[in-house]
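Biologist: Hey, I'm new to this one. Can you put it up and walk me through a few spots?

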Amino acid sequence: MFAKIRRMHFREKLSIREIERRTNLSRNTIRKWLREPAMTEPRYPEREGKSVVDAYAEQVRTWIQTDSHRAKRDRRTARVMFQAIQAQGYSGGYGRVCALVRRLQQELAQAPSRKAFVPLAFAHGEAFQFDWSCEYAWIGGLRRRLEVAHCKLASSRAFWLVAYPSQSHEMLFDAHTRSFAAFGGIPRRGIYDNMKTAVDKVGKGKERNVNARFEAMCGHYLFEPEFCNRAAGWEKGIVEKNVQDRRRQIWVAAADIRWNSLGQLNDWLAENCRQSWEDMAHPDWPEMKVAEVLQDERLQLMPVPKPFDGYVEQPVRVSSTSLIHFQKNRYSVPTPYAHRVVSLHVYPTELVVVADNEEIARHERVFDRYITRYNWQHYIPLIAQKPGALRNGAPFQTMPEPLLHLQRHLLKHPGGDRVMAQVLSAIPDHGLEAVLDAVRNALESGRPSGEHVLNVLGRIKQAPATASITTALTLKEEPQANVSRYERLRSLDTEVQHVA
């Protein structure tokens with residue numbers, strides 16, 4: 001319109017009144033445009049349209065300002081804000097909230113400068129990427145810090161999450177074992193950052209002194225480890241992005257649930273990982289799901305061997321009370337090994353004590369501090385020499401209830417500790433279940449004693465089964481159980497004839 005007015009006035013020599021008549025524009029507007037020294041398009045103020053999300057703009061602005069002082073992993077996402085204002089009565093769509101969040105973020109802070117990167121492509125079965133992330137969850141009534149292992153196939157984008165209390169070697173090995181079992185195979189390369197459990201020393205360029213135990217695991221599963229440059233997380237950007245996505249999706253729900261144990265949480269994570277494979281579209285082939293691409297990649301993966309025995313071994317000395325110390329906790333071992341140095345095999349969920357190439361004790365691992373785990377059967381050999389320790393012995397407070405009931409009854413009488421020691425000494429020979437059955441039978445009689453328990457134990461002990469004999473001989477006439485035949489021996493005539 002501006003150009004048309006200029007042509008009508010300067011080229012056709014029409015008056016302002018005539019231009020007004022033809023264009024229905026105000027003469028003031030026509031004069032203003034004709035006075036412009038140069039041909040420039042007029043600028044009009046932006047139209048301010050009202051939106052249903054405007055009523056919540058101040059609330060969203062407050063959230064963004066508050067989150068600017070938090071760590072990135074703790075900031076609210078646009079979806080979290082959308083769900084929050086939905087609970088307050090917002091009836092609009094998610095797209096309007098995203099647009100509002102972007103506009104407010106641009107107003108409140110300048111966008112940081114970003115680097116450029118080269119996109120990467122991986123063939124099926126070529127590589128996987130591994131990383132750790134720090135998360136928090138409520139376990140056993142306490143909010144605990146967890147180290148979550150992320151393992152992701154670079155081609156199919158299938159991922160696996162496992163939560164652990166720490167990032168130690170045994171946790172690292174167990175995470176690989178679980179991930180490979182879930183994927184159904186092993187890629188040919190593994191891409192890592194320079195974590196201390198894998199690299200003892202970072203050299204110049206790509207030179208690395210790989211940890212011997214980590215290298216043993218790689219040799220067991222036959223994949224080649226590859227380490228990123230220093231502070232170059234983009235070299236394994238697939239798993240880095242996975243950490244961010246899972247934190248915003250799966251872990252938001254996990255943080256709101258109260259878990260009874262870490263195992264329950266890991267079962268839930270495994271179920272959600274598999275469900276995500278079925279729901280997520282592959283970024284390179286949007287028409288296919290991650291689970292479908294994983295089926296194709298499994299054909300190119302190496303087979304999974306038997307699980308790597310991923311323990312960490314360290315020597316420990318057994319104390320005079322037959323206890324070993326590990327991470328500010330104490331665990332019992334059999335008393336014959338007191339004052340000796342034994343080997344402790346550390347696993348993610350249990351501890352195994354080995355001496356003379358034989359396992360002598362096994363305990364569930366405890367991650368709290370200043371906890372003592374007893375196995376009361378470890379102290380039975382010593383009780384035969386020191387029966388008085390039964391009365392206040394800490395390990396024997398964990399015995400089964402029938403034994404505790406018998407102990408309370410026997411200790412009321414003189415010499416009851418020695419009698420109880422005799423009962424406990426029968427466990428290595430007869431087994432715990434047999435002794436418990438004998439104790440229950442003695443308690444049911446109303447007057448239990450050590451002799452009664454040992455007597456019952458001898459009676460309920462099963463005799464060895466008769467060995468079956470195989471023979472080719474067969475009977476033509478099977479014998480019959482007919483006791484009336486013996487009555488003939490009692491008759492008088494038969495007896496007289498027999499004497500005669």
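Biologist: Where does tyrosine 486 sit?

Modeller: Tyrosine 486 is in the loop between helix 18 (450-460) and helix 19 (492-499). Keep in mind that this is a predicted model.

Biologist: Is tyrosine 486 buried or exposed?

Modeller: Tyrosine 486 counts as exposed, because its relative accessibility is 54% and the cut-off for exposed is over 50%.

Biologist: Which residues form a nonpolar patch on the surface with it?

Modeller: The nonpolar patch is made by Val483, Tyr486 and Leu489. Together they have about 380 Å² of accessible area.

Biologist: OK, now charges. Which residues form the negative surface patch?

Modeller: That patch consists of Glu278, Asp279, Glu292 and Asp296. Helix 11 (262-279) and helix 12 (290-297) are the elements that give two or more residues to it.

Biologist: And glutamate 278, where is its place?

Modeller: Glutamate 278 is in helix 11. With 49% relative accessibility, glutamate 278 counts as partly exposed.

Biologist: How many salt bridges are there?

Modeller: The count comes to 28 salt bridges.

Biologist: Give me an example. What does glutamate 18 pair with?

Modeller: Glutamate 18 forms a salt bridge with arginine 22, and their closest N and O atoms are 3.0 Å apart. Both residues lie in helix 2 (residues 16-23), where they are four residues apart, about one turn of the helix. Arginine 22 is partly exposed, at 47% relative accessibility.

Biologist: What about arginine 11, who does its side chain meet?

Modeller: Arginine 11 meets glutamate 12 in a salt bridge, at 3.8 Å from N to O. Arginine 11 is exposed, with a relative accessible area of 59%, while glutamate 12 is partly exposed at 40%.

Biologist: Those two are neighbours in the numbering. Which parts does the pair of arginine 340 and aspartate 356 tie together?

Modeller: The side chains of arginine 340 and aspartate 356 meet in a salt bridge of 3.2 Å, N to O. Arginine 340 lies in the loop between strand 11 (329-332) and strand 12 (341-346), and aspartate 356 lies in the loop between strand 13 (350-355) and strand 14 (358-364), so the pair ties together parts that are 16 residues apart in sequence.

Biologist: Let's switch to helix 3. Which of its residues are buried?

Modeller: In helix 3 (residues 27-34), the buried residues are Ile30, Trp33 and Leu34. They cover an arc of only 100 degrees around the axis, so they sit on the same side of helix 3.

Biologist: What's on the face turned away from that buried side?

Modeller: That face of helix 3 carries the exposed residues Asn28 and Lys32.

Biologist: Back to loops. What about lysine 236, buried or exposed?

Modeller: Lysine 236 is buried, with a relative accessible area of 1%. Lysine 236 lies in the loop between strand 7 (224-227) and helix 9 (237-248).

Biologist: What about tyrosine 370?

Modeller: Tyrosine 370 also has a positive phi of about 60 degrees without being a glycine. Tyrosine 370 is in the loop between strand 14 and strand 15 (372-373). Tyrosine 370 is exposed, with a relative accessible area of 64%.

Biologist: Last one. Where is methionine 399 found?

Modeller: Methionine 399 is in the loop between helix 13 (380-383) and helix 14 (401-410). Methionine 399 is buried, at 4% relative accessible area.

Biologist: And how far is methionine 399 from asparagine 375?

Modeller: They are 24 residues apart in sequence and 8.8 Å apart in space, C-alpha to C-alpha.

Terms used. Residues are numbered from 1 along each chain as its sequence is written. This is a predicted model: local features need pLDDT of at least 70, side-chain atom pairs count only at pLDDT 80 or more; totals for chains, interfaces and linings use all residues. Side-chain values use heavy atoms; hydrogens and water are left out. Patches are made of residues with over 30% relative accessible area and no salt bridge: like charges are joined within 9 Å, nonpolar side chains (Val, Leu, Ile, Met, Phe, Trp, Tyr) within 5 Å. Accessible areas come from the Shrake-Rupley method with a 1.4 Å probe; for residues, only the protein chains shown count as cover. A salt bridge is a side-chain nitrogen of Lys or Arg within 4 Å of a carboxyl oxygen of Asp or Glu. Lys and Arg count as positive and Asp and Glu as negative; His and the chain ends are not counted. The place of a charge is taken as NZ of Lys, CZ of Arg, CG of Asp or CD of Glu. Buried means under 20% relative accessible area, exposed over 50%, partly exposed in between (1.4 Å probe, protein chains only). The arc is that of the directions from the helix axis to the C-beta atoms.
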